[in-house]
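Please read it alongside the sequence and the 3D view.

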Amino acid sequence: MSEPATVLEPDAAPARGALPRLLTGVRANGAPLPLDLHLRLHGALASSSRAGLIELVAASGLRGRGGAGFPVAQKLEAVANGRGRPVVVANGTEGEPASDKDKALLRCVPHLVLDGVSLAARAVGATEAIVAIAAGSRNERTAVEHALAERNARALDGEARISLAVTPDRFIAGEESALVNLLNGGPAKPVFVPPRPFERGVGGEPTLVQNVETLAHLALIARHGAEWFRELGSDDEPGSALVTLSGGVRRPGVYEVGLGAAFRDIVIGAGGLSEPATALLVGGYFGGWIEARSVLELSLLDAELAPHGIGMGARAIAVLPQGACGVVETARVARYLADESAGQCGPCVNGLAAIATALERIAAGRPDRSAGQILRWAAQVRGRGACKHPDGAARLVESGLRVFAREFELHAHGRRCSGDGRTVLPTEVSR
Ligand SMILES: Cc1cc2nc3c(=O)[nH]c(=O)nc-3n(C[C@H](O)[C@H](O)[C@H](O)COP(=O)(O)O)c2cc1C
Ligand code: SF4
């Protein structure tokens, strides 16, 4: 995270609609906030009943921050009402190369995430919780291990038993059925659902899988209430959210913004454009491209992006500067996603690889397939996998063909586009 948030004075009451929320107390050197400072800053968690917690989350309107935006209260309710001994899994795997927000939270404010884990366990009646972090995220694992030791030494009231699980450094390992499969001793590969994890998950028990940012919001909602949470955002998409900005901005990094913030202001908050931009990749690698002139007028809300066929996903935003080529970048991400297929569903394995190869050939000025053919393949892989991986990849490719139609045309005829040969989008997670 390149842009540290302001350090609030301990015991300062949060001002109405003020930011940062999650990133309050982040230290300039990025070191984890120790337990004593965390408690001085946020106060101890009040004790609350199971039903009271779920009602509070329902009133807050909190939606998951891991990509799908599912209402959290509904998931809590389903797991709490399931048969068996519920388990909570905090998803901190973050295998998306354009996103760094979950790692930032785990690294800088691990106790806020662990408070959320503890509250979620209380809400569903779980005595066991697992925080899943990728093998390559060493600093994040060290921060959480240390934070768990601090909490054990204090024997915090009513805390569930929280352990740490290490996951492979793969994009697909963060998909919830893959994660549950791994925790059950299998490979980190998605399985066909139902049963979904909330019905039968870890050890066959009802399992709540929740993104670590979602859980950190829960920790603040429990302290400040649903109304406070709703001071930012819209009725349907309330609260703040973390965004990761990369590409052509002056200060790339993780920022906290109110949902509904204008893209223009988000980019200005990251120091502004480093040079004129042609398009933004919005919602990460399962999101899509939008022309810069259109997107800068939009707000960070799924409702505003839906007409463009795009969701905010985990809110990674990459800016494509004028000198980089949208055809090349679309081909690079398509190849990355094809290589990250779990390799078990035919349309995903063969379809994504064929799409990536065709795009690479066009990018290199040696096309052997038309844009129309690629669009037909993309339509054919949608909904054809055990998980949503092919759907996300198809969405990205379709948006690239739409937004960079002119550049595709130039490449298809072996002519030069405005690209100067540089590449911008990361295809490896920075750990
Ligand atoms: C291919 C794929 C990769 C995913 N990777 C992640 C991930 O890295 N982190 C995450 O929290 N959710 C990821 N998800 C979403 C999870 O399946 C799940 O919806 C999420 O962890 C639930 O948490 P939330 O409701 O708090 O967002 C991924 C989904 C797919 C289809
Ligand atoms: S759709 Fe693709 S990524 Fe998902 S399970 Fe099947 S092969 Fe794996």
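Strands β5 (residues 240-247) and β6 run antiparallel and are joined by six bridges. The model is predicted. The points below begin with this strand pair, then turn to the domains and to a helix contact.

**Strand pair**
- β5 and β6 make up a hairpin, with five residues between the two strands.
- Across the pair, L245 lies opposite G253 in β6.
- Strand β6 spans residues 253-258, and six of its six residues are buried, so the strand is largely enclosed by the rest of the structure.
- Buried here means under 20% relative accessible area.
- In a regular strand, side chains alternate between the two faces of the sheet.

**Domains**
- The chain is split into domain 1 (35-229), domain 2 (240-321) and domain 3 (326-412).
- The centres of domain 2 and domain 3, taken over C-alpha atoms, are 22 Å apart.
- To the contact between these two, domain 2 contributes twelve residues and domain 3 contributes 17 residues.

**Helix packing**
- Helix α14 (residues 346-363) packs against helix α17 (residues 405-412) at an angle of about 75°, and their axes are 8 Å apart.
- Angles of 65 to 115 degrees count as roughly perpendicular, and α14 and α17 are therefore roughly perpendicular to each other.
- On the α14 side the contact involves L359, I362 and A363, which meet F408, H411 and A412 in α17.
- By class, this contact of α14 with α17 has five nonpolar residues, one polar residue and no charged residues.

Key
Residues numbered from 1 in each chain as written. Chains lettered and ligands numbered in written order. Predicted model: local features only at pLDDT ≥ 70, side-chain atom pairs only at ≥ 80, totals over all residues. Heavy atoms only, no water. Axes fitted to C-alpha atoms, helices over the stretch in contact; angles between N-to-C directions. Helix = DSSP H or I, 4+ residues; strand = E, 2+ residues; numbered from the N terminus. Parallel < 35°, antiparallel > 145°, perpendicular 65-115°, else oblique. Contact = heavy atoms within 4.5 Å. Nonpolar A, V, L, I, M, F, W, Y, C, P; charged D, E, K, R; others polar. Buried < 20%, exposed > 50% of the residue type's maximum accessible area, 1.4 Å probe, protein only. Pairing = 2+ DSSP bridges. Domains from an automatic or database assignment.
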